[in-house]
Amino acid sequence: MTLRCFSFLALTLGLVSACSTSPAPGADASLDASNDLGPATDAGAAGADVQPLSTAHCQFVDPPANGNTGATVSAGAITAGAAEDYVDLPVGSALGAYTGRAKFFGNEGFVDARTNEYAAWFNPSVGVETRTRVRALALSAGGETVLILKADLGAADTNVAYDVAAALGPAYAGKVIFATSHSHSAPGHTIANEGLATLGFGPFRNESYRRLVAALTAVARQAIEARVAARVGISHDANFDPMNTVSRDRRRDNDDLPRGRDRKDSDLFVLRVDTVDGAPMAVVPIFGVHPTVLGGDNNLISGDVSTAIERSLEESFDRRVVVMHLQGAAGDVSPGGSGGMDCGAESRGPARFCYDFSRVESVGRLALPLLRRAWEAAGTQMQRETELEMVTRSVALGPDWRTFTVRDGGLSYSDFNPARDPDGRIFDDAGAVLSPVDEFGAPAGAALCGNENGNYPPAAIRGSVALRPYRTCNRVDIFTRLVNTLVLPYEPVVTPNQVLCGSTRTAVAALRIGAHLFVTLPGEPLTLLADRARALSPVAPENTVVIGYANGHVGYLLTADDWLRGGYEPNINFWGPLEGEYIVERAMELARLAVTPTREDGQRGGASRWVTPPENNSPPAFEAGVNPGTVPAAVPPEVFSRRRVFTGENRITRAQPAERVARLASARFVFLGVDALTETPTVTVERETAPDQWAPLTRRSGRTVVDGDVLLMHTPLPLEPVGRQSRSHYWVAEWQVVTPYGTGDDALEDRAAVALGRYRFRARGAGYNLTSSPFTVEPATLVVSAIRAGTAATVTARYQAAEGWRLLGLRNAPGEAVDLQRSVTVEATLRGGGSRRFESVSPAAPGRFSVELGSDAPNVTGLRVLDGAGNSGLAALN
């Protein structure tokens with residue numbers, strides 16, 4: 001039986017016993033602690049003079065000095081520019097950050113036997129729900145220019161900010177924040193840290209990394225070039241979402257700690273940027289929420305709740321405003337939401353996937369009024385001038401245990417000697433952590449500490465069997481050899497007592513905008529660690545903004561006391577209980593430089609950085625494909641679609657849309673394109689505005705509807721080509737015919753009010769631009785029932801999309817009947833001919849309407865209900 005695996009890095013080092021009760025596919029079932037891996041070879045004996053492991057095999061470079069140093073910080077007029085675009089990370093990429101998508105750790109998201117070298121040992125993504133976006137905000141004042149960049153990815157590689165800054169020029173060294181959404185359904189392959197993330201994000205691919213850096217650099221340049229005179233305001237809501245509709249605390253292991261019980265990241269900060277004449281330009285809401293509505297079985301690229309939050313806010317404006325949700329302390333915060341699917345395994349069945357995009361959208365809708373209120377509050381704090389300064393530093397991590405001394409020397413490691421027995425005591429009699437910490441005997445680091453699923457015995461830390469959370473720790477250098485031997489080839493192969501280079505460095509940054517300080521943390525900060533950061537800040541806690549998942553990713557970041565409570569989160573870091581506090585102290589050490597009157601070089605006193613591997617390890621793309629830019633005469637049964645998943649069989653029998661499609665039903669278009677590794681086609685929906693005049697559906701902000709409302713799925717045939725055999729690349733576009741987000745007033749009651757008329761799909765790709773046959777959108781049929789009671793009748797009326805996937809009601813799952821909430825017209829059909837019409841009948845309760853028929857009651861044979869958009873349904877009245 002395969003169990004649900006840990007998210008992201010928890011199985012980056014791959015604890016087989018934590019994910020499956022049987023060996024990985026192809027593994028020797030007899031392998032155990034006495035196998036040919038042999039015992040761990042330890043660097044020192046008990047009592048010996050132990051030295052940190054060597055990093056001589058690692059390639060490091062010295063980062064350049066921060067740009068624009070030495071001058072005096074002074075307030076200056078603000079200019080700002082913002083930009084956004086898409087980055088085409090290929091369909092077929094592995095999706096981070098669920099290890100359960102790996103073929104040997106759960107096989108979640110499996111569709112068919114398609115060959116995909118790019119995703120390697122992961123099941124590949126098969127389509128797109130929301131495209132991967134990149135955004136940039138450029139701010140300038142007093143001679144300083146800084147950039148805040150964001151991508152819809154699972155984690156930030158440390159090298160990205162350095163590489164983008166290098167492409168922009170020396171003035172931008174140390175002036176780039178690169179943050180990510182941490183979506184668990186975003187393309188992987190952009191994490192270069194030497195295989196550490198290969199079980200969370202798939203193998204590093206230079207092609208994906210190159211596309212990401214190029215897209216971020218391009219959007220950064222656009223923002224720089226777009227700068228105009230601007231105003232900036234910052235608001236803070238310390239009691240964000242008290243009803244837990246948007247997010248909730250997910251960690252119970254730290255409930256005994258002060259402020260640990262029922263704590264989540266309730267600090268919402270909003271950075272508002274307007275032009276000087278008051279036109280909104282950019283909004284940056286910052287708060288923590290894990291984008292994990294979509295589970296490991298989702299195989300479509302999606303930004304999850306972070307993208308939904310951004311879309312809801314950006315479409316509340318009547319112009320294009322760049323909205324960039326940044327994560328705060330999301331490490332122990334789960335998403336809220338409502339109206340989602342039942343994603344239990346029994347409800348899905350063997351051929352179903354939980355495409356719970358409805359609940360994803362609900363989080364954005366529920367967050368919107370809270371974000372708008374904070375945006376309006378920021379409007380009362382707008383400034384035309386400000387002091388602006390940013391510093392960045394590369395930070396050394398392991399393998400030197402002396403690095404991790406924290407709390408002014410009050411807490412440290414004794415050493416990482418793997419041959420020494422610990423004293424068996426973690427806390428003193430008062431419950432304080434004992435120092436020095438002598439339990440972490442892992443010279444190259446350890447992972448999977450704190451879980452309850454056991455460990456791989458040869459990789460266990462000596463003397464830790466009875467010590468929670470150390471008893472399940474796995475030494476990195478030993479355990480990666482197991483993964484290398486059983487499952488996949490790590491490159492380079494790790495030997496005992498050899499440190500993984502990517503685990504030895506990270507980066508932190510601090511940005512001051514006036515009285516506010518923005519500090520990046522390279523991983524997943526928990527709420528109590530964010531409290532610690534604010535307590536150490538050189539500015540007031542309410543003016544200290546923690547940005548997580550930025551400029552690097554080392555896993556979860558906890559205080560020492562929190563880490564030692566065990567549970568899920570300590571699974572996913574490498575340098576033990578002191579790593580989180582150590583990184584926070586280094587970040588706040590840097591932050592103090594950002595508040596001095598001189599522009600400091602943040603890199604001075606910092607470490608070298610580990611560089612992205614230069615080799616090109618991306619498999620070549622397949623050939624362009626057979627007949628790209630055409631519509632197939634028939635749709636092979638192997639072509640994957642959401643409808644096939646929903647019904648358990650392929651029911652797409654035609655490539656062109658049906659000639660007539662009712663509201664709430666789905667229109668589909670199948671066409672041939674090029675290899676997904678080459679490009680992802682752009683599909684839009686167009687409406688006929690005049691005879692033979694067509695216009696794309698456009699949102700309130702001016703953005704064209706290209707994703708979120710249109711699903712796109714890909715199938716290469718043959719699924720298993722011989723060599724580099726050319727394949728036909730089938731793409732299926734699906735639009736559930738509801739009002740797209742941002743094209744109406746966005747009330748859920750208007751979802752079934754999309755304009756009637758003729759529509760068509762348009763697909764654009766390399767060398768082609770084709771349209772589907774037109775289809776006519778017709779009114780939906782309501783589900784109506786009626787009961788006679790004397791001279792009155794009680795009528796119920798509902799919408800229902802049996803195979804739909806869009807959100808129709810906050811209390812309803814897709815496919816469930818949704819009560820009408822607004823007044824309707826009721827037409828009574830009389831026996832012998834004739835009718836009677838009742839206008840503006842208000843609901844007595846959701847979906848229930850009462851009609852007084854009077855003397856006509858005995859002659860009424862049926863009642864037809866019409867909503868305000870012309871949808872109707874008929875019920876017999878006996």
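How many aromatic pairs does a search of the whole structure find? The search finds 23, where the rings of Phe, Tyr and Trp (its six-membered ring) pair if their centres lie within 6.5 Å, with planes under 30 degrees apart counted as stacked, over 60 as edge-to-face and the rest as tilted. The structure is a predicted model, in which local features need pLDDT of at least 70 and side-chain atom pairs count only at pLDDT 80 or more, while totals for chains, interfaces and linings use all residues. Residues are numbered from 1 along each chain as its sequence is written, and side-chain values use heavy atoms, with hydrogens and water left out.

**View 1. Confidence along the chain.** The mean pLDDT of the chain (the predictor's confidence in each residue, from 0 to 100) is 89, and 90% of the residues reach 70 or more. Over residues 1-42 the pLDDT stays under 50, and the model has 118 contacts beyond four places in sequence for this stretch; contact means heavy atoms within 4.5 Å. Residues 345-351 also have pLDDT below 50, with eight contacts beyond near neighbours in sequence. Where pLDDT is low, the predicted coordinates should not be read in detail.

**View 2. The aromatic pair of Trp-401 and Phe-416.** These two rings are edge-to-face, at 6.0 Å centre to centre and with 65 degrees between the planes. Both residues lie in the loop between strand E18 (388-396) and strand E19 (446-447), so the pair ties together parts that are 15 residues apart in sequence. Helices (H or I, at least four residues) and strands (E, at least two) are DSSP runs, numbered from the N terminus. Trp-401 and Phe-416 are both buried, that is, under 20% relative accessible area, whereas exposed means over 50% and partly exposed lies in between (1.4 Å probe, protein chains only). One aromatic cluster contains Trp-401, Phe-404, Tyr-413, Phe-416, Phe-440, Trp-575 and Tyr-582.

**View 3. The largest nonpolar core.** This core has 59 residues, and those with the most contacts inside it are Phe-404, Tyr-413, Phe-440, Tyr-470, Leu-521 and Ile-583. A nonpolar core is a set of buried Ala, Val, Leu, Ile, Met, Phe, Trp, Tyr and Cys residues joined through side-chain atoms within 4.5 Å. The elements that each supply at least two residues include E18, E19, helix H9 (527-536) and helix H11 (579-594). H11 gives the most, with eight residues. Beyond four places in sequence, Tyr-413 touches residues including Trp-401, Phe-404, Phe-440 and Trp-575.

**View 4. Helix H9.** Seven of the ten residues of H9 are buried, so this helix is largely enclosed by the rest of the structure. Among them are Leu-528, Leu-529, Asp-531 and Arg-534.

**View 5. Charged ends over rings.** The charged end of Arg-372 sits over the ring of Phe-317, 4.8 Å from its centre. Arg-205 lies over the face of Tyr-118, at 5.5 Å from the ring centre. A charge sits over a ring if NZ of Lys or CZ of Arg is within 6 Å of the ring centre and within 35 degrees of the ring normal.

**View 6. The surroundings of Val-732.** Val-732 belongs to strand E32 (residues 728-736) and, at 3% relative accessibility, counts as buried. Leaving aside residues up to four places away in sequence, Val-732 touches residues including Val-639, Phe-640, Ile-652, Phe-669 and Leu-711. The C-alpha atoms of Val-732 and Arg-642 are separated by 9.1 Å, although these residues are 90 residues apart along the chain.
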